[in-house]
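Q: I would like to go through this structure step by step. Could we begin once it is on the screen?
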Amino acid sequence: MRNAAQLDAGQREAFRKDGVLLLKDFAPKRAVIAVLRQYNIWRNTVIMQGADDKTRGDIARARQAMDVTEGEEIAPLRKLAHDLGGALLGPDNVHEVEAQLIGWAPSGPAWKPTWHIDWVNKHLRLKTEDQFPGFQLLVGFPLTPALREDRGNLFVSPGWHTEICNTFRQSPTLRDPLEAISKGIASQVPWGTPQQLLVAPGDVILTHSLIPHGVAENKGAGFADKLYFRLAHKTAIHRGGRDALDTPWRNWQGMQDGG
Ligand SMILES: O=C(O)CCC(=O)C(=O)O
């Protein structure tokens, strides 16, 4: 395991270019296993037992997500996420917008890929600036292995944070690029060349908030589970406003001074 402060210049440069960085074998496995164990307990108690039969069936077939604001099992990975946030956004600048456990059941025949940019265009119905990204950095911990494709992997379009920002910068109105994005989502046309990330527990995924992404089909036998932290600079300047969309590295102190 490496210290978060050791993100080197090459990794920062790759992150700037791709908007995505996969850190292999970076998180302590024992901490990852502890979160997975706790998630399974929550899944079988809080989520499943509280549901009626139909909901329980739906849950077993689909995506579940739960916010995790507490839980001592989460603490070591939360610290690592915040350290990484500090390395990229600047030490002492990190604000946690959301922590979320997400599990994808083995997908059925009706499964469809869903492309999106988090919070920019919610279900194609963006009406107000409130839905612009309220975060800047996603830090993801895969809890189960997805070392081959179609195991519920996160898939991403590297480099497209820049394309999205350029589109916003060149457009006189906010509406134009949003409509273009909507169209892409509606027709399921992926941006760029989508890549499924091949990951194992202990790996850490970093993505810029404007990276288009989705989830691959899960042809495996079990759940594909992840823990995601969404982080922002504490001034939360990205909540609302055009600046969040046309200036990719505003307030990323660690990206500006080379770390
Ligand atoms: O489950 C995943 O890996 C990604 C989920 C996702 O796209 C999201 O929460 O925005």
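Q: Which residues surround the ligand?
A: This is a predicted model. In this model, the ligand is surrounded by I102, D118, L154, H213, V215 and K226.

Q: How do the residues of that shell divide into nonpolar, polar and charged?
A: The shell around the ligand has 3 nonpolar residues, 1 polar residue and 2 charged ones.

Q: What stands opposite I102?
A: I102 stands opposite K226, which belongs to strand β9. Both I102 and K226 are among the residues around the ligand. Strand β3 (residues 94-104) pairs with β9 over 10 bridges, in the antiparallel sense.

Q: Is β9 mostly covered or exposed?
A: Strand β9, residues 224-233, is mostly covered, with 10 of its 10 residues buried.

Q: Which strand do 6 bridges join to β9?
A: That is strand β4 (residues 137-142), and β4 and β9 run antiparallel. Within this pairing, L138 has R230 of β9 as its bridge partner.

Q: What about L154, where does its strand pair?
A: Strand β5 covers residues 154-156 and pairs with β8 in the antiparallel sense, over 3 bridges. One of the bridge pairs joins F155 to G214 in β8.

Q: In what order do the strands of that open sheet come?
A: The open sheet has 3 strands in the order β6-β5-β8, with antiparallel pairing. The strands β6 (195-196) and β8 (213-215) stand at the edges; each has a single partner strand, so one side of each is left without a neighbour in the sheet.

Q: What do strands of a sheet pair through, in general?
A: They pair through backbone hydrogen bonds, and the pairing may be parallel or antiparallel.

Q: New topic: where is H208 found?
A: H208 is found in strand β7, which spans residues 204-208.

Q: Why does H208 count as buried?
A: H208 counts as buried because it has 27 C-beta neighbours inside 10 Å, and the cut-off for a buried residue is 20 or more.

Q: Which residues does H208 touch?
A: Leaving out residues up to four places away in sequence, H208 touches G19, H161 and P248.

Q: And how far is H208 from R230?
A: The two are 22 residues apart in sequence, and their C-alpha atoms are 9.9 Å apart in space.

Q: How many residues are in the largest nonpolar core?
A: The largest nonpolar core has 57 residues, and those with the most contacts inside it are V35, L77, V139, L206 and L231. Helix α4 (residues 75-89) gives the largest share of this core, 7 residues. In soluble globular proteins, nonpolar side chains tend to be buried together.

Q: What does L206 touch?
A: L206 touches F15, V20, L21, L84, L137 and V139, again not counting residues up to four places away in sequence.

Q: What does the chain contain as a whole?
A: The chain has 8 helices and 9 strands. Of its 259 residues, 40% count as buried. Among contacts with a separation of 6 or more, 87% join residues 24 or more positions apart.

Q: What is the average pLDDT of the chain?
A: The chain averages 81, and 73% of the residues score at least 70.

Q: Where is the pLDDT below 50?
A: The pLDDT is below 50 over residues 122-127, a stretch with 7 contacts in the model beyond near neighbours in sequence. Where pLDDT is low, the predicted coordinates should not be read in detail.

Methods. Residues are numbered from 1 along each chain as its sequence is written. This is a predicted model: local features need pLDDT of at least 70, side-chain atom pairs count only at pLDDT 80 or more; totals for chains, interfaces and linings use all residues. A nonpolar core is a set of buried Ala, Val, Leu, Ile, Met, Phe, Trp, Tyr and Cys residues joined through C-beta atoms within 7 Å. A residue is buried if 20 or more other C-beta atoms lie within 10 Å of its own, exposed if 12 or fewer, and partly exposed in between; C-beta atoms are placed from the backbone. Helices (H or I, at least four residues) and strands (E, at least two) are DSSP runs, numbered from the N terminus. Two residues are in contact if their C-beta atoms, placed from the backbone, lie within 7 Å. pLDDT is the predictor's confidence in each residue, from 0 to 100. A residue is near a molecule or strand if its C-beta atom, placed from the backbone, lies within 6 Å of it. Ala, Val, Leu, Ile, Met, Phe, Trp, Tyr, Cys and Pro count as nonpolar, Asp, Glu, Lys and Arg as charged, and the others, Gly among them, as polar. Two strands pair if DSSP finds at least two bridges between them.
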